[in-house]
Amino acid sequence: MIEVSRSPVSEAASVGRDGFQGRLTLLRAAYDALAPFERLHAALDALVLAMQTGDRMAYHPASAPTELASFNGRVSDAQSAVAAHADMLAKAVDQKLKQLFYGIDRHDAQAMAERAAILHAALNRARSLMTEAVSSGSELRGG
């Protein structure tokens, strides 16, 4: 029996960004970047679907050709979903939605501004990682 254990800390930062594995790493890092918003939203289906491509191929090796053929499209779909969701979350930050500032005294303007900066940085990181994941796919397509 094979035992699978996963580190609670993402390995996204420790793995290279080249090729298929690198793109999976970028997808995971984008998913992780959205962690500060976990109380506000569910994981994006398109991002999870793209991110789990390697797992599906590992569980069903015969599906690898099909999975790889649809991977670039899934990454593009995930980028679109992250972009749309990031826009919605950015508006929520700007409107100081209570769930995003949970545990922060809402009368402490400095604490709320610091939290808002952290949240905007997380959104920018997720967008940037998704852009990199899509653009790095051109190497796999040969152009």
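Me: What makes up the lining of the second largest pocket: how many residues are nonpolar, polar and charged?

Reply: The lining divides into 6 nonpolar, 1 polar and 2 charged residues. Nonpolar covers Ala, Val, Leu, Ile, Met, Phe, Trp, Tyr, Cys and Pro; charged covers Asp, Glu, Lys and Arg; the others, Gly among them, are polar. The lining includes Tyr31, Leu34 and Ala35, plus Asp32, Glu38 and His41. Just so you know, this is a predicted model, where local features need pLDDT of at least 70, side-chain atom pairs count only at pLDDT 80 or more, and totals for chains, interfaces and linings use all residues. Residues are numbered from 1 along each chain as its sequence is written, and side-chain values use heavy atoms, with hydrogens and water left out.

Me: How do you know that the length of helix H1 agrees with its residue count?

Reply: The expected span is 1.5 Å times one less than the number of residues. H1 has 15 residues (19-33), so it should span 21 Å, and its end C-alpha atoms are 21 Å apart, which agrees.

Me: Which residues of H1 are called buried?

Reply: Among them are Gly22, Arg23, Leu24 and Ala33. Buried means under 20% relative accessible area (1.4 Å probe, protein chains only). Across the protein, 34% of the 143 residues count as buried.

Me: What is the secondary structure of the protein?

Reply: It comes to 6 helices and 0 strands, counting DSSP runs of H or I with at least four residues as helices and of E with at least two as strands. From the N terminus on, the elements run α-α-α-α-α-α.

Notes: On a 1 Å grid over the protein atoms alone, a cavity is a set of points where a 1.4 Å probe fits but cannot get out, and a pocket is an open set with protein on both sides within 12 Å along at least five of seven lines; lining residues have an atom within 4 Å of a point. Buried means under 20% relative accessible area, exposed over 50%, partly exposed in between (1.4 Å probe, protein chains only).
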